[in-house]
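I opened the model to look at its sheet, its helices and a few side chains. These are my notes, in the order in which I looked things up.

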Amino acid sequence: MERLTLLGLPLDPVDMEGALERIGAFLQGAKTHQVVTLNPEIAVRAQEDEALKRAVLEAELVTPDGVGILWAAKRLLGVALKERVTGVDLTLALFRRFPGLRVYLLGGKPGVAERAAREAERLGARVVGFHHGYFREEAPVVEAIRKAAPDLLLVGMGERQETFIHRHKPHLEARVAMGVGGTLDVLAGEARRPPLWAQRLGLEWLLRVGLDPKRWRRAPRLFRFAYLVLKEKR
């Protein structure tokens, strides 16, 4: 299907299988392709953060991550998207689809990426490097990634991840670079995913926000997203 525009941002109406096919094609290319899993929080931040907006606009693949994105696409565009394609689900699906995929893990507290690397290898990936997300100097990290030249670069650095990838895209030597939020924490066993029933009902975000006080400050963005959608609908 043709790329959509939602709140001024691109959105590819892909399901998981479609995303895997697109990324499979990217893996055959030479340049770095950026994948953004678009959720309501990113959509809201991009309204005011020009660097983030540019990163999303120039991403080669933007998947619908979050029940809010599915709701907005239906309400504003009349498009019923089949399913969410989240960072953690897409990561796990890539490990299954492409055994031996050369992966670099970037993000998390010191020690998290290392533990996530062990789990990634258990799941079939070939880890070619990892680094925590608590660094100030970006150049040495970018150089380490460039030397490793991974097939897939997974960046779990919260609000920094999309702009980090976009800023250094010409120098990463990764075929695919994707912001994955808390996926490294999940792989490392630092964080547990909500129960399967919550994932199926699309309530994963609600449980995460409700059960983690550190996320409470982010909740207003969810209300802001709903406001922006309803305002545009009017």
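This is a predicted model: local features need pLDDT of at least 70, side-chain atom pairs count only at pLDDT 80 or more; totals for chains, interfaces and linings use all residues.

Strand E5, residues 102–107, and strand E7, residues 152–156, run parallel and are joined by five bridges. Further along, Leu106 stands opposite Val155 in E7. I then turned to the other neighbour of E7. Four bridges join E7 to E8, again in parallel, and here Leu153 stands opposite Ala177.

Which way do the side chains of E7 point? Leu152, Leu154 and Gly156 point one way and Leu153 and Val155 the other. All of these residues are buried. With five of its five residues buried, E7 is largely enclosed by the rest of the structure.

I wrote down the strand order as E4-E3-E8-E7-E5-E6, an open sheet of six strands with parallel pairing. Which strands stand at the edges? They are E4, residues 61–64, and E6. Each has a single partner strand, so one side of each is left without a neighbour in the sheet. On average, neighbouring strands are turned by 20° against each other, direction ignored. Helix H1, residues 16–26, packs on this sheet and touches E3 (33–38), E4 and E8 (176–179). The direction of H1 makes about 160° with that of E4.

Entry 3, helix H3. I asked which residues of H3 (50–57) are buried, and noted Leu52, Ala55 and Val56. Seen down the axis of H3, the buried residues fall within an arc of 95°, so they line one face of the helix. The general rule for an α-helix is 3.6 residues a turn, so residues three or four places apart point the same way. I also checked what covers the buried residues of H3: the cover includes strand E2 (9–11), E3, H2, E4 and H8.

Is Arg45 buried or exposed? Its relative accessibility is 12%, and the cut-off for buried is under 20%, so Arg45 counts as buried. Leaving out residues up to four places away in sequence, Arg45 touches Leu52, Glu159 and Arg221. Leu52 is one of the buried residues of H3. I also noted Phe225, which is 180 residues from Arg45 in sequence but 9.5 Å from it in space, C-alpha to C-alpha.

I counted one aromatic pair. The ring centres of Phe135 and Phe164 are 6.1 Å apart and their planes stand at 70°, so the pair is edge-to-face. What parts of the chain does the pair link? Phe135 is in the loop between strand E6 (126–131) and helix H7 (138–148), and Phe164 is in helix H8 (residues 161–168), 29 residues apart. Both Phe135 and Phe164 are buried. Arg160 lies over the face of Phe135, at 5.0 Å from the ring centre.

I stayed with H8 to see how much of the helix is covered. Seven of its eight residues are buried, so H8 is largely enclosed by the rest of the structure. Among the buried residues are Gln161, Glu162, His166 and His168, along with Phe164.

In H4 (residues 67–77) I listed Gly68, Ile69, Leu70, Ala72 and Ala73 as buried. Just after H4, Gly78 takes a positive phi of about 70°. Arg75 also lies in H4, but at 37% relative accessibility it counts as partly exposed. What does Arg75 touch? Not counting residues up to four places away in sequence, Arg75 touches Val229, Leu230 and Lys233. Arg75 and Glu232 are 157 residues apart in sequence and 9.9 Å apart in space, C-alpha to C-alpha.

I left the totals for last. The protein has 12 helices and eight strands. Of its 234 residues, 51% count as buried. Among contacts with a separation of 6 or more, 74% are between residues 24 or more positions apart.

Terms used: Residues are numbered from 1 along each chain as its sequence is written. Side-chain values use heavy atoms; hydrogens and water are left out. Rings of Phe, Tyr and Trp (its six-membered ring) pair if their centres lie within 6.5 Å; planes under 30 degrees apart count as stacked, over 60 as edge-to-face and the rest as tilted. Helices (H or I, at least four residues) and strands (E, at least two) are DSSP runs, numbered from the N terminus. Buried means under 20% relative accessible area, exposed over 50%, partly exposed in between (1.4 Å probe, protein chains only). A charge sits over a ring if NZ of Lys or CZ of Arg is within 6 Å of the ring centre and within 35 degrees of the ring normal. Two strands pair if DSSP finds at least two bridges between them. Axes are lines fitted to C-alpha atoms, for helices over the stretch in contact, and angles run from 0 to 180 degrees between N-to-C directions. Contact means heavy atoms within 4.5 Å. The arc is that of the directions from the helix axis to the C-beta atoms.
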